[in-house]
Structure formats: structure tokens, C-alpha cells
Amino acid sequence: MMTFIWVSLLIVILSMLGVLYRIFRGPSTPDRLIALDVIGVMFISATALVSILFHTAFFFEVILLLAVLSFIGTVSFSKFIEKGEIIERDRNR
Amino acid sequence: MTVIANTLIVFTILTGLIFTVVTVIGVLRFPDVYTRAHAASKSATLGVIGILLGTFFHFWLNEGLFSIKLLLGILFLFITAPIGGHLLSRAAYLSGVKPTKHTVGDDLAEVVKQSKRD
């Protein structure tokens, strides 16, 4: 059982390294952002596997926090690419 | 009992691993941004949901801990990951990234042109 978890953690880390190639080589900026989003999602699964390996339940907050931070980073970067600014100015003032 | 639990855990984690590897192959081999976003948003979401379900079953059946936080994480990822993919591909289209030569139709171009004229 533990051997299976170790092997799956190794596979997840190798796939993170594979996605890193797209960050280096991506022709445009949204390619790199998609690869970064995928790396954030894979980091969550690596944290879950590590929490199985260490027999601890204290990493679940880390999982929730990584999910929230990855989503906020993706939304703000895509808004920056689309409009050129992240927080717009108030026009009624 | 523990054999059944371990079978369930190995099955869910294996499903997540297969979809994670499929994500990497799609992101590395697809030709343009939109197909890569398609591969990334769908199969990466299913892969991480499989691995988190395996973790949830392991802590529930083997260690006796029913974790609400993992279920909340699964729900949050299931809601937000497709929204992230949609926002990224929309930003890519509006910033002028061209699709591949094999694309047959582009229905969004007329709408964008119309809204720029107004």
C-alpha cells in the first residue's frame, strides 16, 4: 500500500516536471498560464499523497488554501491579460 | 474489510493518476492554446478529484477520520477549475492568440467585431 502511494507521488512529481517544459517553451503567455494552473492542481494532489504518507491530517488546510490561491492567481492573471489592469478604477467618483 | 478499503483506495488513486498523466500528454502535444486549455481544465480536474477521493477514503476507512475539509476541497476544485479554464481561454482569444490552421469555424470573431463597432 505504502509502495503504491510512493510510486504515485513519484508519477505526480514527474508530471509536474513535464508540464514545466510547457512553461519554458510556451509560444504565448496564456500557454504558460495554463501550464501554471495545471501545476497548481497537481501540487494539491501531491500534498494529499504526502498527507497519506505522513499519517497526519494537518495538511488538509494546506490543500484548501492551495486551491483558493491557485484560483485567485488564475483569475487575476487572465484579467490582466484581457484588460491590462486587475482592479479597475471607479468611474462614478 | 481492510482489503475492500484498500481496493477502493487504489482504484480511485489509480484513476486520478491516469488522468494526471493524460493531462501532461495533452498539454505537451496539443497544437494551440485552446486545445491545451481543453486538456488542462477537464482532465486535470478529474485527476485531482480522484486522488483527493482516494485520500478521503483512506482517512475514513483506515484511520477513522471523516474529513469534511477534503470534501470541501473537492467541491471547490470541481466548481472553480472549469471557471479558470474558461477565463484563460477567453483572455487568450481577446488578446489575439490565433488558433491552429486546422480550425474550420470561428463564430466568436463576428461577435467581437460587432461589439467593437458599437
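**View 1. Glu88(A) and its salt-bridge partners in the predicted model.** Glu88(A) has a relative accessible area of 42% and is therefore partly exposed, a class lying between buried (under 20% relative accessible area) and exposed (over 50%), computed with a 1.4 Å probe on protein chains only. The side chain of Glu88(A) meets that of Lys83(A) in a salt bridge, at 3.2 Å from N to O; the term denotes a side-chain nitrogen of Lys or Arg within 4 Å of a carboxyl oxygen of Asp or Glu. A network of salt bridges links Glu88(A), Lys83(A) and Lys79(A). Over all chains, the structure holds five salt bridges.

**View 2. The salt bridge between Arg36(B) and Asp31(A)**. The closest N and O atoms of this pair are 2.4 Å apart. The pair crosses between chains, with Arg36(B) in helix H2 (residues 33-62) of chain B and Asp31(A) in helix H2 (residues 29-53) of chain A. Helices are DSSP runs (H or I, at least four residues), numbered from the N terminus. Both Arg36(B) and Asp31(A) are buried.

**View 3. The salt bridge between Glu82(A) and Arg90(B)**. Here the closest N and O atoms lie 3.2 Å apart. The pair joins two chains, because Glu82(A) belongs to helix H3 (residues 60-83) of chain A and Arg90(B) to helix H3 (residues 68-94) of chain B. Glu82(A) counts as partly exposed at 23% relative accessibility, and Arg90(B) counts as partly exposed at 41%.

**Notes to the views.** Residues are numbered from 1 along each chain as its sequence is written, and chains are lettered from A and ligands numbered from 1 in the order in which they are written. In this predicted model, local features need pLDDT of at least 70 and side-chain atom pairs count only at pLDDT 80 or more, whereas totals for chains, interfaces and linings use all residues; side-chain values use heavy atoms, leaving out hydrogens and water.
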